[in-house]
Amino acid sequence: MPFPAGLEFSAAGDDSRPVRDLVRDFTAKHVIPAAGAIDESPRFPAEIYREMAAAGLFGITVPAELGGAGARALDYLHVMEGLSFGYASIADQCGLVELVGTLLAEHGTPAQRERYLRPLLAAEIFCAYALTEAGAGSDLRGITTRAKAAPDGWILDGEKIFIHNAPVADFATVLARTDDGLSVFLVDLDRCGVSRTYREHKMGQRGSQVGGLAFDSVRLPPEALLGEEGDGFALMTSVLARGRLGVAGLSLGLSRAAITAAAEQAESRSAFGRPIGANQAVAFPVADAVTEYRAGFLLAEDAARRLDQGRDDAPTACSMAKLYASEACVRHANMAVQVFGGAGYIQGYVPERIYRDARITTIYEGTSEIQRLIISRWLIDTRGAH
Ligand SMILES: Cc1cc2nc3c(=O)[nH]c(=O)nc-3n(C[C@H](O)[C@H](O)[C@H](O)COP(=O)(O)OP(=O)(O)OC[C@H]3O[C@@H](n4cnc5c(N)ncnc54)[C@H](O)[C@@H]3O)c2cc1C
């Protein structure tokens with residue numbers, strides 16, 4: 001059963017139709033058929049990423065002259081939702097490339113862009129975005145990875161954990177402490193002194209490889225510095241709003257997949273001589289979920305438009321969209337498992353995978369609590385209080 005027309009996407013105008021059609025067709029052809037098998041024997045689906053690059057689905061908001069699609073944040077939201085409807089891990093790769101691609105497009109030198117950005121958008125190389133450490137997750141002030149100035153560049157020491165693509169990436173943007181504060185470095189992961197410490201075994205999104213990176217006296221040339229020394233925190237956080245909008249889109253795609261599966265099951269499965277969906281106890285949770293999905297989509301589209309307009313309140317709007325859509329998709333996945341009954345708990349049925357894939361959305365790219373902190377600080381000024 002297709003998702004009911006008019007609900008699939010909400011208030012975006014006709015100018016977003018070509019992107020929505022492109023991602024819908026791509027997902028149907030390349031993502032949906034592969035999702036179950038990638039999850040069951042987890043692997044990095046490089047062949048899908050090469051197809052995505054060929055279809056122009058990396059670097060959605062990166063200017064066309066730099067190799068991106070030159071589209072809007074609104075289009076990026078639709079791409080993330082559409083890919084995640086097929087498989088969240090595929091959308092997650094799109095989101096990662098968007099973050100690193102935006103950093104390179106906005107702060108890279110022409111040489112850095114030539115070396116990293118073009119091949120990244122062509123899926124010839126893969127990236128990682130490395131902030132988190134054992135003592136620095138929600139609170140990045142705890143970062144201890146250090147880059148010391150040396151006569152011929154920098155020497156990098158430290159360890160990052162929970163890094164998406166760490167086991168497979170060719171380079172990483174690494175946030176490290178320097179004399180002037182925090183700075184970002186472009187680190188080729190085949191450099192002497194770099195090690196990929198482990199690969200995590202995750203609850204869900206198993207097509208995404210996550211692991212650690214250790215740097216032991218890694219020598220970096222001067223041109224490894226991205227932007228200005230000391231600007232690292234501002235650089236990395238400048239793309240966080242976009243990242244949160246992306247996770248909102250990814251969460252909405254998971255919601256749509258959960259709702260679609262639940263509605264199909266409610267129609268096709270019978271008990272006590274009639275479809276289970278004839279019981280309001282089954283049908284009403286689906287109705288609530290689709291209403292929340294639509295509310296979340298409108299919230300996310302509004303945040304995307306604010307981002308496209310460069311408005312000051314865009315980061316808060318993106319936090320609201322991420323908070324709402326991620327918490328909703330966890331509820332919707334749970335609902336789909338219940339509607340499927342025992343089958344919802346069995347590998348091979350979509351709700352079982354979505355239930356695991358959805359859980360991380362309220363944690364990465366800033367936990368729900370951190371989003372609430374951002375939103376409440378926007379509303380409530382307690383700076384004068386003791
Ligand atoms: C699958 C996966 C992929 C990831 N990918 C990346 C990546 O590519 N790059 C990267 O750098 N990181 C990545 N991360 C790390 C992720 O961003 C962090 O796990 C996340 O930001 C939370 O940090 P933490 O795990 O240290 O939790 P903590 O910061 O220890 O938080 C623990 C709990 O305390 C709460 N808490 C903390 N402070 C407050 C507060 N002030 N008020 C209220 N509650 C609070 C949190 O909300 C949370 O519930 C990834 C993590 C996972 C699991």
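**Views of a predicted chain**

**View 1. Contacts across the chain.** Among the contacts that join residues at least 6 apart in sequence, 74% link residues that are at least 24 apart in the chain. The structure shown is a predicted model, and this legend and those that follow describe that model.

**View 2. Helices, strands and overall form.** The chain holds 11 helices and 10 strands. Its radius of gyration is 21 Å, close to the 21 Å that the globule rule gives for 386 residues, so the chain is as compact as a globular protein of that length. Taken along the principal axes, the box filled by the C-alpha atoms is roughly 80 × 50 × 40 Å.

**View 3. Interior and surface.** Of the 386 residues in the chain, 54% count as buried.

**View 4. Charged side chains.** The chain carries 38 positive and 48 negative side chains, and the centres of these two sets lie 3 Å apart.

View 5. Proline 18 has its place in helix H1, which covers residues 17-40. Is this residue buried or exposed? Proline 18 counts as exposed because its relative accessible area is 55%, where the cut-off for exposed is over 50%. In sequence, proline 18 and aspartate 75 are 57 residues apart, while in space they are 9.6 Å apart, C-alpha to C-alpha.

How values were computed: Residues are numbered from 1 along each chain as its sequence is written. This is a predicted model: local features need pLDDT of at least 70, side-chain atom pairs count only at pLDDT 80 or more; totals for chains, interfaces and linings use all residues. Side-chain values use heavy atoms; hydrogens and water are left out. Helices (H or I, at least four residues) and strands (E, at least two) are DSSP runs, numbered from the N terminus. The radius of gyration is taken over C-alpha atoms; the globule rule is 2.2 Å times the number of residues to the power 0.38. Buried means under 20% relative accessible area, exposed over 50%, partly exposed in between (1.4 Å probe, protein chains only). Contact means heavy atoms within 4.5 Å. Lys and Arg count as positive and Asp and Glu as negative; His and the chain ends are not counted. The place of a charge is taken as NZ of Lys, CZ of Arg, CG of Asp or CD of Glu.
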